[in-house]
Amino acid sequence: MDLITPGIGLVFWTAVTFLILLFILRKFAWKPILGAVSDREEGIKDALASAEKARLEMQNLQADNERILKEARVERETMLKEAREIKAKMIADAKEEAQAQASKMIEQAQTAIESEKKSAMAELKNHVAGLSVEIAEKVVRDELSNKDKQLKLVETMLGEATLN
Amino acid sequence: MTLSTFKSVLFSVLFLAISTTGFALENKESGEDEKFDPKEMILHHVKDAHGFHLWGEGHDAVSIPLPVILWTDNGLTTFMSSAFHHDDSGKEIVSANGGKFVKVHEKIYQLNDDATAVTFDEEHHPTNAVKPLNFSITRNVLMLFVSALLLIVLFVSAARSYAKSKDGVPTGLAGFLEPLVVFVRDEIARPMIGEHKYKKYMPYLLTIFFFIWINNIFGLIPILNGANLSGNIAFTATLAIFTFIITTLSGNANYWKHIFWMPGVPVPMKIFLMPIEIIGMFVKPISLMIRLFANITAGHVIILALMSLIFVFKTVAIAPVSVGFSLFITVIEIIVTAIQAYIFTILSALYFGMATEEAHH
């Protein structure tokens with residue numbers, strides 16, 4: 001029965017000791033310890049949040065970089081394509097021009113040849129006419145005695161001349 | 001680091017427990033040829049005492065005397081427990097402050113003025129003496145002071161180490177104690193009381209947790225000669241009363257409504273539930289009181305009973321069995337020290353949580 005009868009002395013001392021202990025520990029132990037723990041937890045939480053923020057920023061940056069790179073690549077492609085086109089056009093143009101120039105030159109040459117030919121022909125004709133007159137003079141001088149012979153000769157010579 | 005510290009603490013406690021239980025018993029029983037009474041021996045060890053009995057019997061006994069403080073009709077009366085000269089049967093009469101005092105079964109009686117010797121009835125209760133209010137520093141009270149001092153030294157020095165380390169990282173002792181404090185906060189207070197209100201109860205919960213735990217551990221160290229403070233009903237009752245007072249004072253309208261006029265049930269049921277809930281209010285702290293007292297006392301009784309086997313059978317051959325089983329029980333008791341402290345604390349937290357819970361119907 002003693003075992004389950006609380007002794008008043010122990011109740012008294014327990015209450016007093018416990019209250020003093022509670023007071024002292026609350027002021028000098030629990031407050032600083034819990035404060036330090038929660039401060040650290042706040043710090044960790046902040047650090048994690050800022051790390052997450054940095055990660056997101058990094059991700060954005062990376063995405064930006066990628067986008068810029070992509071754009072640059074597209075731009076390069078277009079530039080290359082344009083350059084190729086320009087090159088092809090230039091070559092084509094040059095070819096065309098050269099063609100035109102060549103055909104023009106040929107034409108000019110042909111015209112020149114033609115005119116030269118014509119002038120040469122005219123000169124030749126003049127010369128032939130001169131020659132013919134000379135010949136006719138000589139023939140006339142020779143053949144004036146013989147009227148028939150004269151006429152026949154003239155006729156023959158003229159016929160020969162037109163053949164040229 | 002922390003784990004290894006914990007392990008070494010555990011093992012040193014264990015070692016002390018094993019190495020001294022047998023020692024204390026052996027010395028206690030030597031020299032006397034009277035019949036060994038295990039019940040008396042166990043109760044003697046489990047109960048409180050005036051003085052730290054070390055070894056020897058009767059007048060040859062060696063013990064540390066403790067102050068006896070009594071409140072009698074003549075006022076405060078104090079003397080050292082050594083004045084009884086190790087007498088526990090009421091034969092040695094100490095006169096102090098105009099009163100005559102005897103000690104019977106570790107209880108101090110004041111003899112009636114006309115009596116010269118104490119007389120007993122059939123149940124061995126003194127008939128011509130009264131019990132004065134006894135505020136003596138018994139061995140339990142001494143252990144109470146020692147444990148409180150130890151807790152203050154441990155935790156205040158741990159708290160100081162935070163101020164020293166600039167980045168708030170726990171070092172040394174704080175590194176060992178902080179996980180325990182965080183455990184009480186995160187596993188007991190937060191889930192039981194709730195995020196918004198738990199802070200107010202933290203000092204109380206932490207204090208009872210460590211106070212009960214350290215006294216449970218002290219109770220397991222036999223060199224302290226069974227200072228069974230947390231297995232004493234006065235100690236558990238006082239702490240349970242504190243929990244009851246805090247629960248009652250922090251009870252909000254919702255809490256009282258649940259006790260006196262249970263919402264959500266028909267009126268006859270409300271009337272039926274009211275007395276049950278009112279009884280429940282008191283049963284909660286009573287269960288706290290009995291649970292801690294019974295668990296700790298039972299553990300001590302088992303260990304002492306196993307040790308008594310040696311003296312009951314009067315042979316050393318049984319010693320390996322006794323020691324083996326005692327070791328087994330002691331290891332379990334080491335776990336129980338923490339579990340009972342945890343249960344007392346978590347149930348207190350649960351009651352606070354119930355008292356402060358907001359209506360959500």
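Colleague: Where is the place of Asn254(B) in chain B?

Modeller: This is a predicted model, so every value here is computed from predicted atoms. Asn254(B) has its place in a numbered element of chain B, helix 7.

Colleague: Is Asn254(B) buried or exposed?

Modeller: Leaving aside neighbours within four places in sequence, Asn254(B) is in contact with Glu357(B), Glu358(B) and Ala359(B). The cut-off for buried is under 20% relative accessible area. Asn254(B) has 10% relative accessibility, so the residue counts as buried.

Colleague: Which residue has its backbone nitrogen 2.9 Å from a polar atom of the side chain of Asn252(B)?

Modeller: Start with the setting. Asn252(B) has a relative accessible area of 18%, so the residue is buried. Not counting residues up to four places away in sequence, Asn252(B) touches Ala355(B), Thr356(B), Glu357(B) and Glu358(B). The backbone nitrogen at 2.9 Å from the Asn252(B) side chain belongs to Tyr255(B).

Colleague: Now chain B as a whole. How many helices and strands does the secondary structure of chain B come to?

Modeller: Chain B has 361 residues, and buried residues make up 48% of them. Among contacts between residues at least 6 apart in sequence, 60% join residues at least 24 apart. The secondary structure comes to 9 helices and 9 strands.

Colleague: What separation do the centres of domain 1 and domain 2 of chain B have?

Modeller: The domain assignment gives 63-137 as domain 1 of chain B and 141-356 as domain 2. Their centres are taken over C-alpha atoms. The separation is 34 Å.

Colleague: On to a loop. What distance separates the C-alpha atoms of Ala83(B) and Ser95(B)?

Modeller: Ala83(B) is found in the loop between strand 4 (75-80) and strand 5 (94-96) of chain B. At 27% relative accessibility, Ala83(B) counts as partly exposed. Beyond four places in sequence, Ala83(B) touches Glu92(B) and Val94(B). Ala83(B) and Ser95(B) are 12 residues apart along the chain, and their C-alpha atoms are separated by 9.4 Å.

Colleague: Now the interface. What area do chain A and chain B bury between them?

Modeller: The contact takes 32 residues from chain A and 48 residues from chain B. Carbon and sulfur atoms carry 83% of the buried area. The area itself is about 3400 Å².

Colleague: How many salt bridges does the rule find across the interface of chain A and chain B?

Modeller: Between the two chains, 5 residue pairs are in polar contact, both residues at pLDDT 80 or more. The side of chain A that touches chain B divides into 23 nonpolar, 5 polar and 4 charged residues. Across this interface, the number of salt bridges is 2.

Colleague: Which residue of chain A meets Arg185(B) in a salt bridge?

Modeller: Side chains of opposite charge can pair when their charged atoms come close. Here the N to O distance is 2.5 Å, and the partner is Glu41(A). Arg185(B) lies in helix 4 (residues 173-193) of chain B and the partner in helix 1 (residues 8-143) of chain A, so the pair joins two chains. The name asked for is Glu41(A).

Colleague: Which residues are linked with Arg185(B) in a network of salt bridges?

Modeller: One of the links is within chain B: the side chains of Arg185(B) and Asp186(B) meet at 2.9 Å, N to O. Asp186(B) is partly exposed, at 26% relative accessible area. The residues linked with Arg185(B) are Glu41(A), Asp186(B), Arg190(B) and Glu195(B).

Colleague: And in chain A, how many residues apart are Lys45(A) and Glu42(A)?

Modeller: Their side chains meet in a salt bridge, at 3.9 Å from N to O. Lys45(A) is exposed, with a relative accessible area of 54%, whereas Glu42(A) counts as partly exposed at 42%. Both lie in helix 1 of chain A, about one turn of the helix apart, which is 3 residues.

Notes. Residues are numbered from 1 along each chain as its sequence is written. Chains are lettered from A and ligands numbered from 1 in the order in which they are written. This is a predicted model: local features need pLDDT of at least 70, side-chain atom pairs count only at pLDDT 80 or more; totals for chains, interfaces and linings use all residues. Side-chain values use heavy atoms; hydrogens and water are left out. Contact means heavy atoms within 4.5 Å. Buried area is the accessible area (1.4 Å probe) that two parts lose on being put together, summed over both. A salt bridge is a side-chain nitrogen of Lys or Arg within 4 Å of a carboxyl oxygen of Asp or Glu. A polar contact is a pair of N or O atoms within 3.5 Å; within protein, one must be able to donate a hydrogen and the other to accept it, and residues adjacent in sequence count only if both atoms are side-chain atoms. Ala, Val, Leu, Ile, Met, Phe, Trp, Tyr, Cys and Pro count as nonpolar, Asp, Glu, Lys and Arg as charged, and the others, Gly among them, as polar. Buried means under 20% relative accessible area, exposed over 50%, partly exposed in between (1.4 Å probe, protein chains only). Domain bounds come from an automatic or database domain assignment. Helices (H or I, at least four residues) and strands (E, at least two) are DSSP runs, numbered from the N terminus.
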